[in-house]
Structure formats: structure tokens, C-alpha cells
Amino acid sequence: MVDLSLATLVTQLFTGLVLGMIFVLLAVGLSLIFGLLTVVNFAHGSFYMLGAYFGFFLFGLTGNFWVSLAVAPLMVGSVGLLVERFLVRPLYGRSIDDPLLLTFGLSLVLIEAARLVWGKIGVTFDPPRELGQAVNLGFTLFPAYRLFVIGVTAAVLVALWLFLSRTDLGLIVRAGSRDPLMVQALGIDLGRIRLLVFGIGTLLAGLAGVLAGPMRGVYAEMGVTVVIEAFVVVVVGGMGSLAGAVLAGLMIGEVVGLTTLIAPKLSEIMVFIVMAVVLLVRPSGLLGEAGLLE
Amino acid sequence: MTARFASRIGTHPVLAFLLFFAMFPFLVPYKALATQVLIYGLFAVGFNLLYGYTGLLSFGHAAYFGLGAYGAGIALAKLGVGSVWGGLGLGLGAAATGGALIGFLCLRRRGIYFAMLTLAFAQLLYFVVFHLADLTGGDDGLRGIPQLPARLPFLALSLESSLAFYYFALALVGLAVVGLRRVLDSPFGAVLQAIRENGDRAVACGYDINRVRLLSFVFSAALAGLAGALEALRLTVIPIESLYWTTSGQVVMMTLLGGAGTFFGPFVGAATYLVLEDRLSVLTESWPLVIGTIFMAFVLFLPKGIWGTLTGGIHGR
């Protein structure tokens, strides 16, 4: 029988929260990109993987984790800008499936390119020494690095929320997701806004990758299962709803965390069971609007 | 010139198909490649029914290919079913049942959600099969599928030589292609294409488009399942990867390379993909990089695919 003391349970809840935070970072980016560009970015997981590898590469170069954390997401975001400009942009106005197909091809290319550059076997990427210990939370010891991940993600989400709700640019992004024609009629160049949003979304994926690297290992296929789980989070939360993505991400993180404790074999499957239940009960997702962008 | 030749083939598609594939094993470097083209071509035909003709992009067709393979494999290797036909039938049945269940759930959402849902359910199935190792072999794949002869009323055809297996597969794939041609030429086929072109108008014409979509999903899953079952018989082992998302991606790429919504596109695409893979993997380990790049170029510049471009594409056929 599994030891289900309160301390183990709470520890596992914290572990689930950390996983949930990674899901949230990915799902928010996916949702932003989808909302404004109507592009399902299949390569989102590959940007996550690139973030982890760039972080590892920068760490090897400078020996400083903080440089990795600050610079790697920017590098990933820059790759994202190039991808939007040269690969995704020509597909606007074509079938909604075409960008999905293109980014699928791109994910294959990026995974294979990572194998070519960094080898077939994954690399290890240690958390910074300052965060290497465990923190005593009173009831249990918890790795400081994981607490740090929770903190950084929360801070980034607050910043993103402020950007979207309090700035003019954020207002344009929100308006563009709701009614792009009207926004363009008001004389706003949506092309540049799309570029920016794709950049931000991929930057967030890169950040998730750098943060996850020291916890989950760095390897070329690391993004694949994660991106599918992030898709599920977006579906469960309701497409285009940022609050929904946050809620669903945390929820699924916790569900996976708790299942890992009780029945480890089921943990990979639980994500999809949650999705099937939500679909049957509430097809538009927890906080989604019915019929949006179908 | 090529276009006229191609459109002439278009008027007798099934005959052209049989003639070409009767000679095909002698045109490729080795027989196994020819059989692979047939099987993956059939898989792509199934996918194309849903994507090319009904307009629904599934990113989880590995599920039905895998259900067909595991259905046939488990029947022959674990349940003691003593006939090839029984194995094929159970594989096809498993795929069609799975298609009905998953299709019902996925069709609750449209458009881009649909693609993501099919992918998610396929991954669910992958993990289930992965963990049911007693029945499925788990990570190692399912081994020990016996090579039985195909028994007909008056003869038993041994399938051990690769040429014999090729013609056995050709007979079944040919039947499936004939069946598909009839379905597409039927009023039902016309409704499928009407839904692809304009779903709202099809509703206004009084069609229950959800039922039609689900039927198309089940047909498509059954064809993919037959392909999977044949692959299980050919290999006598089933690698777990047949259920993985990469297999779903493969069939998407084959169909798009060949030409979605065209009758022969899937076979052209399967042949192109498999020959490319065969040639490239000798040259470099990073062949997916090359294929991925070619695929992206097709999405950007040749969305109608090889066969679609030659014949004028979806609308010209």
C-alpha cells in the first residue's frame, strides 16, 4: 500500500503545482498564438526543447544559470519571429489546417536538428548551486529550485496579465483575437502584432524549457509529449481563454501529480481521461466560449 | 501531356490501379518495399477519405492502424485464432469500433480542436497498450505472430515468400480500393464532398452531417485498420511505434505529398515517402530532417501534392 500521510500528499501537491506551472506556460503561449493568429503551433514543444538546449548551451559557455534563464527564452523567441515571418505568414488566408501541417513538419526538422547538434542521448543540466538545496516547509523538505520555478512562472503570468489588460498593445492583442477585421479597419497593422504575439508565445515556451531542463532532463524529444499535454490543457481550459489555460494547467498538473502517487502507471493516461470527461460534459472547455474559432 | 494521361487514368481508376500494381514489385529495388507501399498506401487512402474527401484533419490515425495491427496480432498470437481471415477481420473490427468511439468524442468539436483531440486520443491508446504488457508485449512490441497460409475453399496459399504476400495484399487492397471507389461515387460520397466544401449548406440541404462525418470516420478507421492488420501479418511483430504519434504524422505527410483529395495521391505519396526514406537513410541518419523540410516546402508551395498538381488538384480531380 502506498504511504498516504499528509506530508507526502502535500509534497505531491507541490510537485503537481510545479508540473502545472510548466503546462501553464506552454498552454498560455499556444492559446495566445491560436487566439490571434488562428495557428495551432505543433512546433510549440520543439521551441520548449530549444529553450532547454539553448539554456544548457549558454550554461556551458558562461557557467552562469541566470544568463541561461534570461537569454535562452529570448533566443527561442527570435527563432519564433523568423518562423512567423518566413514560414507561417505565407499561410494566412489559407485553410486553418495548413499552419498546423507546416509546424508539424517544422517540429520534425527541429527535433532532428537538435539530435544533430547535441547528440542523440540527452544532456544533464543542473539547477544553479544557489537553489540546489531543499527548503524546509515545516511539514516536508522541498527542492528550492522547484519553489523557484513556481515563483518565476507566477511572476511571468502576472506580468503577462498586466501587459494584456493594462497596456494599449495588450488591448490590440485582445481586440485582434476577437475581431481582426474591425481592428484592421481602425488602421492597425495586425501583421506586426501577429509577429509580436508569435514571438511572445515561443519565448514563453522557451522559458518553460529552460525551467524544466534541470527537473526533467534535456533531450531532443522532450517537447513531444509535453506539447500534446499542453494541447489537452488548452482544450480543457477553453481555447482562447488565458484564465482557462491557467486553471486547466494547474488542475491537470495536480491530477497527474496525485495519480503518480497513487497509481503511477495511470499518470500518463489521466490527462486524457480528464479531457474526455470535460469534452463530454462541457465541450467548449472550462472557461471557453462555445463555437469560438471552430 | 502528362495532365491528359493522368486524366485518362482518372476515368478508369480501379483498372489503372490494378494494372500498375500488378507490375510494381518488378519496378522497385526489393519486393518488401513494394508491399510496404501497398500497405501504407492503403493506410493513407483511409486517412485521405477523412481529410481529403470529408475535410477533417485527423492527427491520430496511428490509433486505427495500431488497433488493426494489435487486433490481428493478438488474435493470432495470443487468442489462438487459426486463420488469417479471422485475424484480419478482428483487426479491422477493432479499428472500426475504436474509430466509432473516438470519432464520436472528437466530432463534438470542429476545426482545429478536432485535429488536437484525435492526436490526444491516439496518445491515450498508445499509453494504454504500452502498459498492458501481458497482452500487447508493451515496450518490446508484440512478437510471435504465426505465418499462416491464407485458406480459400479449394486451396491454401502460402504467404511465406514476399512475392506471394505482395499479391495477397494486392488482392485485399484492391478490394478496398474498389469498395472506396463505389462509396465515393455513391450519393453518400457526394454528401461527404459537399460537407468538405460547405458544411452549413449541407445542413441546409437536410443532411445530418454529424452522422455522415461519423460514418466517414469509421470507414476511414476501418481502412487504416486493414492496413495495420496486413502490416502485422507482413512483419510478424508489431513495434509499439505503430501506435505512436510519429506514425500518425507519417500518414499525414504521405497523403499531403501525394495529394489530398485525389484518388491516387495516397499511393503516390506512400511510394514517394518510402522510397525517399529508403534512399536517404542509407546516406544520413538525419533523414527525417530532409523529409520534414520537403514536407514543409510542399505545404508552402505545392499544397495539392504531386498527383494533385499533375491532375489539377482537389477541384479538378
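How many residues of chain A are in contact with chain B?

## Model and numbering

This is a predicted model in which local features need pLDDT of at least 70 and side-chain atom pairs count only at pLDDT 80 or more, while totals for chains, interfaces and linings use all residues. Residues are numbered from 1 along each chain as its sequence is written, and chains are lettered from A and ligands numbered from 1 in the order in which they are written.

## Interface

33 residues of chain A are in contact with 33 residues of chain B (contact: C-beta atoms, placed from the backbone, lie within 7 Å). On the chain A side, two or more residues each come from helix 4 (97-118), helix 9 (222-237) and helix 11 (267-281). Helix 4 of chain A gives the largest share, 13 residues. Helices are DSSP runs of H or I with at least four residues, and strands are E runs with at least two, numbered from the N terminus.

By class, this side of chain A has 26 nonpolar, 1 polar and 6 charged residues. Nonpolar covers Ala, Val, Leu, Ile, Met, Phe, Trp, Tyr, Cys and Pro; charged covers Asp, Glu, Lys and Arg; the others, Gly among them, are polar.

## Positive phi

Most residues other than glycine have a negative phi. Thr38(A), not a glycine, has a positive phi of about 45 degrees. Thr38(A) sits in the loop between helix 1 (6-37) and helix 2 (44-62) of chain A. Thr38(A) is partly exposed, with 17 other C-beta atoms within 10 Å (buried: 20 or more; exposed: 12 or fewer; partly exposed: in between; C-beta atoms placed from the backbone).

In chain B, Thr236(B) has a positive phi of about 60 degrees. The loop between helix 11 (209-235) and helix 12 (245-258) of chain B holds Thr236(B). Thr236(B) is partly exposed, with 15 other C-beta atoms within 10 Å.

Methods
Two residues are in contact if their C-beta atoms, placed from the backbone, lie within 7 Å.
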